[in-house]
Amino acid sequence: DFSEPVTQNTKRFIRCFWALDKSLAYSNMGACYSDNGNLSDAKDCLKKAYEIEKRNNDYDGIYYNASQLAEVLVKLHDSEALNYLLEAKQSAEFLNENFYVMEAEVALGDYYYNDATKAKMALIEYFKARRIALAIGDDVEKIDSRIKDMQLRMGKEEFSEIENKYE
């Protein structure tokens with residue numbers, strides 16, 4: 001509301017109006033709620049931000065909000081998290097941002113990691129992320145530690161089969 005007295009008084013000093021983009025406002029509120037452990041409100045705000053970015057075809061915003069929303073949904077044990085992780089990865093690929101793609105691969109691997117029946121899928125995502133990390137010169141230690149952990153969890157034969165195919 002630009003007509004209320006505080007806004008009008010502020011305009012007198014700065015000679016303009018400042019406004020925050022709705023999506024950014026929802027996204028920031030979602031992050032604040034998440035940081036304070038209020039995951040239900042975080043989910044609501046991030047979902048609104050995501051929907052605005054989707055309508056605007058803003059792939060940077062879609063990537064960011066889908067990633068943040070997935071993180072909150074994982075904490076809430078909501079199966080919808082996978083859809084947002086995949087959406088974040090698609091947006092990263094559309095943007096052709098290797099760092100984003102690498103982060104999305106790691107996030108997907110972490111999601112699958114928590115389900116023993118999807119260990120193979122987790123390892124594949126980690127190998128894909130490692131390949132990108134090496135290509136862009138990023139630190140691969142966190143990815144290598146996940147891969148080593150998967151090696152311990154899986155049988156040697158199954159691990160070697162995936163390693164030979166994806167490394």
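Visitor: Which side chain does Asp78 meet in a salt bridge?

Guide: A salt bridge is a side-chain nitrogen of Lys or Arg within 4 Å of a carboxyl oxygen of Asp or Glu. Here the partner of Asp78 is Lys43, at 3.6 Å from N to O. The two lie 35 residues apart, Asp78 in the loop between α4 and α5 and Lys43 in helix α3. Helices (H or I, at least four residues) are DSSP runs, numbered from the N terminus.

Visitor: What kind of model is this?

Guide: This is a predicted model, in which local features need pLDDT of at least 70 and side-chain atom pairs count only at pLDDT 80 or more, while totals for chains, interfaces and linings use all residues. Residues are numbered from 1 along each chain as its sequence is written, and side-chain values use heavy atoms, leaving out hydrogens and water.

Visitor: Is Asp78 buried, exposed or partly exposed?

Guide: Buried means under 20% relative accessible area, exposed over 50%, and partly exposed in between (1.4 Å probe, protein chains only). Asp78, at 21%, counts as partly exposed. Lys43 is also partly exposed, at 22%.

Visitor: Which residue forms a salt bridge with Lys47?

Guide: Glu80 does, with the closest N and O atoms 3.5 Å apart. This pair too links distant parts of the chain, joining helix α3 to the loop between α4 and α5 across 33 residues. The whole structure has 9 salt bridges.

Visitor: How is the packing of two helices described?

Guide: By the angle between their axes and the distance between the axes. Axes are lines fitted to C-alpha atoms, for helices over the stretch in contact, and angles run from 0 to 180 degrees between N-to-C directions. Helix α3 (residues 39–55) and helix α4 (residues 59–75) pack at about 155°, with axes 9 Å apart. That makes α3 roughly antiparallel to α4, a label for angles over 145 degrees.

Visitor: Which residues of α3 and α4 meet?

Guide: Contact means heavy atoms within 4.5 Å. Among the residues in contact are Leu46 and Tyr50 in α3, and Ile62 and Leu69 in α4. By class, the contact of α3 with α4 has 10 nonpolar, 3 polar and 5 charged residues. Ala, Val, Leu, Ile, Met, Phe, Trp, Tyr, Cys and Pro count as nonpolar, Asp, Glu, Lys and Arg as charged, and the others, Gly among them, as polar.

Visitor: How do α4 and α5 cross?

Guide: The axes of α4 and helix α5 (residues 81–95) come within 8 Å and cross at roughly 155°. These helices are therefore roughly antiparallel to each other. Their contact has 15 nonpolar, 2 polar and 2 charged residues.

Key. Parallel < 35°, antiparallel > 145°, perpendicular 65-115°, else oblique.
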